Amino acid sequence: MRKLAAGNWKMNGLPENLMEIDNLTQSHPDPKVDILICPPAPLLFATAAKSTVVKAGAQDCHAEQSGAHTGDISARLIKASGATSVILGHSERRQDHAETDADIAAKTQAAHANDLIAIVCIGETHQERLDNKTLDILGTQLQGSLPEGCTAKNTVIAYEPVWAIGTGLIPTLEQIEEAHSFIRNTLVTRFGDTAKSMRLLYGGSVKANNAAEIFNVANVDGALVGGASLKASDFSPIITALAETA
Ligand code: PGA
């Protein structure tokens, strides 16, 4: 399995920031891991055209192929832009746009139907962690957000504790290991052997100074990186740390 370093630019970045992709390509001409940048949608075509090493991904898609959905973007168009992947069910989408597990399952199905890799995000809130409900929440989100037919090729899971996103806080390595092993077992029970090589990313305040220890945790096959993916100088050492475990 090739590990995956995925950058989520969220609603950050302007055309001039695309030079960061050139910088990443120069630093990692022949990487041992997959590198993905998910820019805001208007930059998707340009991102995909920039580099053969750094792939492009979207941050959301609509469940329908086309139609009267002002402001939305179809998985078909994302694929046509040259992107390989789409992030789905990020906690900011779940919160800001009231996306449900069922919505995310429908979007994941649309991604699969258009030959895109779905990066499906799950994670508990701080209160759920305090209430000892983390594994229940992860189980419910996995069950509801994934359609039938998920394979190691078409699906990546990102475990992102909501309270770790953009806060500088991360769970203990034991907590990450517990969550990832639970996710692995749950996926294998439902999808069979293919889930043994499905990539499980950790996300939430991954930085150059904590990446290596996180990547050494069992069942962590990469990272979904927000803030530290905006600049090549921040993202590059994270990619290097992942490549060292590959
Ligand atoms: P962060 O964001 O790395 O800035 O915490 C991660 C994410 O939201 O995917």
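A polar contact is a pair of N or O atoms within 3.5 Å; within protein, one must be able to donate a hydrogen and the other to accept it, and residues adjacent in sequence count only if both atoms are side-chain atoms. The model is predicted, with local features requiring pLDDT of at least 70 and side-chain atom pairs pLDDT 80 or more, while totals for chains, interfaces and linings use all residues. Residues are numbered from 1 along each chain as its sequence is written, and side-chain values use heavy atoms, without hydrogens and water.

The ligand is surrounded by 13 residues, and the closest are K10, H90, E160, G166 and S205 (a heavy atom within 4 Å counts as near). By class, 4 of the shell residues are nonpolar, 7 polar and 2 charged (Asp, Glu, Lys and Arg count as charged; Ala, Val, Leu, Ile, Met, Phe, Trp, Tyr, Cys and Pro as nonpolar; the others, Gly among them, as polar).

| Residue | Protein atom | Distance |
|---|---|---|
| E160 | polar side-chain atom | 2.6 Å |
| K10 | polar side-chain atom | 2.7 Å |
| S205 | polar backbone atom | 2.8 Å |

On its own the ligand has 280 Å² of accessible area, of which the protein covers 96% (Shrake-Rupley method, 1.4 Å probe).

The count of aromatic pairs is 1 (ring centres within 6.5 Å; planes over 60 degrees apart are edge-to-face, under 30 stacked, the rest tilted). Y159 and Y202 form this edge-to-face pair, at 6.2 Å centre to centre and 65° between the planes.

Terms used:
Rings of Phe, Tyr and Trp (its six-membered ring) pair if their centres lie within 6.5 Å; planes under 30 degrees apart count as stacked, over 60 as edge-to-face and the rest as tilted.
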